[in-house]
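Let's take a walk through this model together, one local feature at a time. Please keep the structure open while you read.

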Amino acid sequence: MVCLKNGTIFDAVHPEPYVADILVKDGKIAEIGENLSAPEGCNVIDVTGKNIYPGFVEAHCHLGVDGWGIGFEGNDTNEMTDILTPQLRGIDGINPMDPVFDHAVHGGVTTVCTGPGSANVLGGQFVAIKTVGKRIDKMIVKDNVAMKCAFGENPKRCYKDKNNFSRMATASKLREMLFKAKEYDEKLKAAKGDPSKKPAFDFKLDALLPVIHREIPLKAHAHQANDIFTALRIAKEFNVKITLEHVTEGHLIVDELAQEHDVPMAVGPTFGHATKFELKNKSFTTPGILAKAGCQVSIITDSPVIPQEYLPLCAALAVKSGMDEFDALKAITINPAKHIGVEDRVGSLEVGKDADIVVMNGSCFDVASAPEMVFVDGVAID
């Protein structure tokens, strides 16, 4: 048990911080309140004058599938032999022993959604994990949270000499797979469990069934405005859930995106040079503009594009560019937790949630501030 006394709590629920104690028991937040009585044997820590935040959450990255100083040989981000790979699972490529996990957690990032990259039209399945552990199976918060798909320049560039030269081809390939998955699902239902009537097993189509059943969303890589609209168009055609990833030109079409009430948006990576045409309009004003319009916005590093530990820095730069501070805090805590479907466990400081807690010596938006203590499931990280 741990009791943090007299900290200034930024819980990602209430806009204004408040001074209170947090009691942690069995890896969960047991109580939050003033002058809590610490049970016998509890480790009481005075955090007077310190700021207390939920563990930061990343909605979209490639942590562990692309590592620290490993180059091409150790990179498992994309399966470059096939443009359609929905059957791939992120958990099979993640290396928890990579130093990037240590960097992330010491930066206060305690939960990430990680998985395949954007070379393929369908890349595979993302997983939500904690950033501490040696065995991926024990780090999972929620497996198969989304199915990665990609629009725009990446599939065109990576497969231009094979079978995907245009945006039209990219969209057609995704549509074809969704049509086939729906047909596969209908045949399975019509068989009513009779093995003699079932269609032949198809690993790719089987992997798409959770998408067709609206159990998980398409996680749509889309930077340019027209690609964003294509992603939304296809999702509506097939009545599937979708989240928008990157949304680089979101500020240019905010009036349209504000009407997409059920579509979470993960904005970034914004820090750095515009390395390709579809990034030419990227701006740290984008998350603030979208949030002000009522969109559910997360800020992302897309690590390793930006090192994972700099997630709070990206939020700080959004604040510098006009984003409301509370919106920015939510964009690296509760909003990404909602984006990846794990808000029942992480993303805010509330009783009953996982005790993922960051104690800082100043504001998380101050680059001179740093985590002094990080707790994951109630355990202090050395």
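## Ala12 and its loop

Ala12 counts as buried, at 5% relative accessibility; buried here means under 20% relative accessible area, exposed over 50%, and partly exposed in between, with a 1.4 Å probe and protein chains only. Ala12 sits in the loop between E1 and E2, where helices (H or I, at least four residues) and strands (E, at least two) are DSSP runs numbered from the N terminus. The phi angle of Ala12 is near 65°, a positive value in a residue other than glycine.

Two notes on reading the values: this is a predicted model, in which local features need pLDDT of at least 70 and side-chain atom pairs count only at pLDDT 80 or more, while totals for chains, interfaces and linings use all residues. Residues are numbered from 1 along each chain as its sequence is written, and side-chain values use heavy atoms, with hydrogens and water left out.

## Aromatic pairs

A pair of aromatic rings is described by the distance of the centres and the angle of the planes. Rings of Phe, Tyr and Trp (its six-membered ring) pair if their centres lie within 6.5 Å; planes under 30 degrees apart count as stacked, over 60 as edge-to-face and the rest as tilted. The count by this rule is four aromatic pairs. One of them joins Phe10 and Tyr53, a stacked pair with 4.9 Å from centre to centre and 25° between the planes. This pair links distant parts of the chain, 43 residues apart: Phe10 is in the loop between strand E1 (2–9) and strand E2 (18–25), and Tyr53 is in strand E5 (residues 51–54).

How exposed are the two partners? Phe10 is partly exposed at 21% relative accessibility, while Tyr53 is buried at 2%. Tyr53 also pairs with Phe56: their ring centres are 6.1 Å apart and the planes lie at 45°, so this pair is tilted. Phe56 is buried, with a relative accessible area of 0%.

## A charge over a ring

Here is a contact of another kind. Lys219 lies over the face of Phe126, at 5.3 Å from the ring centre; the rule asks that NZ of Lys or CZ of Arg be within 6 Å of the ring centre and within 35 degrees of the ring normal.

## Salt bridges

Side chains of opposite charge can pair when their charged atoms come close. With a salt bridge taken as a side-chain nitrogen of Lys or Arg within 4 Å of a carboxyl oxygen of Asp or Glu, the count comes to 21. Lys28, Lys130, Arg345, Asp354, Asp356 and Asp377 are linked in a network of salt bridges. Another bridge joins Lys160 and Asp161, with the closest N and O atoms 3.5 Å apart. Lys160 is partly exposed at 43% relative accessibility, and Asp161 is exposed at 68%.

What does the bridge between Arg167 and Glu278 tie together? Its closest N and O atoms are 3.7 Å apart. Arg167 lies in helix H3 (residues 167–191) and Glu278 in the loop between strand E12 (265–267) and helix H7 (286–292), so the pair ties together parts that are 111 residues apart in sequence. Arg167 is partly exposed, with a relative accessible area of 25%, whereas Glu278 is buried at 0%.

## Packing of H3 and H5

Two packed helices are described by the angle between their axes and the distance between the axes. H3 and helix H5 (residues 225–237) pack at an angle of about 20°, with their axes 11 Å apart; axes are lines fitted to C-alpha atoms, for helices over the stretch in contact, and angles run from 0 to 180 degrees between N-to-C directions. That makes H3 roughly parallel to H5, on a scale where angles under 35 degrees count as roughly parallel, over 145 as roughly antiparallel, 65 to 115 as roughly perpendicular and the rest as oblique.

## Backbone details

Val247 lies in the loop between strand E11 (242–246) and helix H6 (254–257) and is buried at 0% relative accessibility. Its phi is near 50°, a positive value in a residue other than glycine. The C-alpha atoms of Val247 and Ala222 are 6.0 Å apart, although 25 residues separate them along the chain.

A cis peptide bond joins Gly268 and Pro269, with omega about 0°; Pro269 is in the loop between E12 and H7. The peptide bond from Ser303 to Pro304 is cis too, with omega near 15°, and Pro304 lies in the loop between strand E13 (297–299) and helix H8 (311–320).
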